[in-house]
Every structure is written in C-alpha cells, then in structure tokens.
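Let's take a friendly walk through this model together. Please have the sequence and the 3D view open as you read.

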Amino acid sequence: MEQVTYFEDYEIGSSRLTSGRTITETDFVVHAGHTGDFFPHHMDAEFMKTTPFGQRIAHGTLVFSVGVGLTASVVNPVAFSYGYDRLRFIKPVFIGDTIRTRTTIAAKEDDPKRPDAGRVIERVEVLNQRDEVVLAADHIYIVERRPRLG
C-alpha cells in the first residue's frame with residue numbers, strides 16, 4: 001500500500017503495532033547461510049544446553065531483519081530510510097518465539113543538508129509473545145516537507 005505522509009504530518013507519540021511472526025529453526029539456518037554466522041550460540045543445541053540460556057538463541061541480526069520487515073506494510077514515496085541508531089539486543093529470542101514490532105514517532109528535526117526535508121526518528125521495539133522488548137533501535141527517515149503553494 002502507498003500513502004504519502006509529509007514531514008509535517010508525523011505526530012510525535014503516534015505508534016503502530018505489527019502482526020506477529022514465529023521464529024523457526026529454518027530462520028536460523030537460512031540466516032546463518034546468508035550471513036556466514038554459524039556461531040554455536042545459534043547452531044549448536046548441545047553446546048547451548050551448557051549455557052545459562054539452555055537453548056540456541058537467534059542471531060541479533062535475524063531478529064532485527066524480521067522485526068523491521070514486519071513494519072514494511074506501507075510505502076511512503078516522499079520518505080526514505082537514512083539508517084538506524086542505538087540498536088540494542090535486549091533479550092534473547094528462541095526458536096518458537098513469536099515477535100512483533102511496535103513503532104513510535106519519537107522526534108522530528110530539521111535536516112541540515114536538505115532544507116526541503118526533515119528527519120523523523122521512529123523508535124522501533126521488537127516484542128516477544130510475553131510483550132517483553134527484545135530489541136530496540138531508532139530508525140531515521142528523511143521525509144520531504146509539504147510543497148509550498150504559489
């Protein structure tokens with residue numbers, strides 16, 4: 001779906017919550033293959049039985065990728081992603097956990113490089129099935145300002 005939302009239209013404090021997605025063993029294997037990260041924390045069930053976690057934990061980058069992907073339901077043609085700040089892996093995610101993502105508009109600021117645009121900072125929180133935050137990051141968008149008439 002496409003929806004034009006100009007910089008002026010974003011309201012600090014507005015939020016949305018995505019649907020959920022259950023993390024599977026296939027996700028672990030595919031992500032390891034894509035990234036080359038075959039660390040035993042993700043791939044060796046027997047090794048992980050000897051740790052305080054007791055089981056394999058998802059790659060942080062897997063949780064980030066899926067969590068951000070869940071938010072990709074609306075295309076704003078006057079905005080683009082400038083990047084992410086303050087990425088934190090707060091709690092482990094295990095095979096069988098269901099995650100969803102809450103986004104909240106946290107701030108708006110001028111863009112020093114682009115007078116016709118501003119920066120919108122969206123707080124991204126990935127939640128597990130117990131509503132615990134497992135990952136947090138700030139997503140920065142560059143968003144066009146509303147065109148001036150005349």
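R119 sits opposite I142 of strand β6. Here strands (E, at least two residues) and helices (H or I, at least four) are DSSP runs, numbered from the N terminus, and two strands count as paired if DSSP finds at least two bridges between them. The model is a predicted one, in which local features need pLDDT of at least 70 and side-chain atom pairs count only at pLDDT 80 or more, while totals for chains, interfaces and linings use all residues. Residues are numbered from 1 along each chain as its sequence is written, and side-chain values use heavy atoms, with hydrogens and water left out.

Strand β5 (residues 117-127) pairs with β6 in the antiparallel sense, over 11 bridges. Strand β3 (residues 79-89) is also an antiparallel partner of β6, with eight bridges; here A79 has V143 of β6 as its bridge partner. How enclosed is β6? Of the 12 residues in this strand (residues 133-144), 10 are buried, so β6 is largely enclosed by the rest of the structure. Buried means under 20% relative accessible area, exposed means over 50%, and partly exposed lies in between (1.4 Å probe, protein chains only).

## Two positive phi angles

Which residue in the hairpin of β5 and β6 takes a positive phi? That residue is D131, in a hairpin with five residues between the strands. The phi of D131 is about 60 degrees, although D131 is not a glycine. D131 belongs to the loop between β5 and β6, and its relative accessibility of 47% means that it counts as partly exposed.

R86 is another non-glycine residue with a positive phi, here of about 55 degrees. R86 is located in strand β3. With a relative accessibility of 54%, R86 counts as exposed.

## The whole chain

Let's step back to the overall layout. The chain has four helices and six strands, and along the sequence they follow the pattern β-β-α-α-α-α-β-β-β-β. The C-alpha trace spans about 70 × 30 × 25 Å along its principal axes. Of the 150 residues, 38% count as buried.

UniProt, in an unreviewed entry, lists residues 12-110 as "domain: MaoC-like"; its positions are given in the numbering used here, feature names are shortened, and annotations may be inferred rather than shown by experiment. Over residues 12-110, the chain is 30% helix and 29% strand, with its end C-alpha atoms 14 Å apart.

## The largest pocket

How much space lies in the largest pocket? The volume is about 560 Å³. A pocket is found on a 1 Å grid over the protein atoms alone, as an open set of points where a 1.4 Å probe fits, with protein on both sides within 12 Å along at least five of seven lines; lining residues have an atom within 4 Å of a point. Grid points are joined across faces, edges and corners, and the volume is the space filled by probe spheres set on the points.

The lining of the largest pocket has 23 residues, and Y10, R16, V74, E122 and Y141 lie nearest its centre. Elements giving two or more residues to this lining are β1 (15-17), β3, β4 (98-110) and β6. Among the elements, β3 gives the most, with four residues. By residue class, the lining has 10 nonpolar, nine polar and four charged residues, where Ala, Val, Leu, Ile, Met, Phe, Trp, Tyr, Cys and Pro count as nonpolar, Asp, Glu, Lys and Arg as charged, and the others, Gly among them, as polar.

## The largest nonpolar core

In soluble globular proteins, nonpolar side chains tend to be buried together. A nonpolar core is a set of buried Ala, Val, Leu, Ile, Met, Phe, Trp, Tyr and Cys residues joined through side-chain atoms within 4.5 Å. The largest one in this model has 14 residues, and I23, V63, V93 and I99 have the most contacts inside it. The elements giving two or more residues to this core are α4 (60-69) and β6. Its largest share, five residues, comes from α4.

## Two pairs across the chain

G20 and L127 are 107 residues apart in sequence, and their C-alpha atoms are 9.2 Å apart in space. G20 lies in the loop between β1 and β2 (21-22) and is partly exposed, with a relative accessible area of 45%.

T35 and N76 are 41 residues apart in sequence and 29 Å apart in space, C-alpha to C-alpha. T35 is part of helix α1 (residues 25-35), and at 43% relative accessibility T35 counts as partly exposed.
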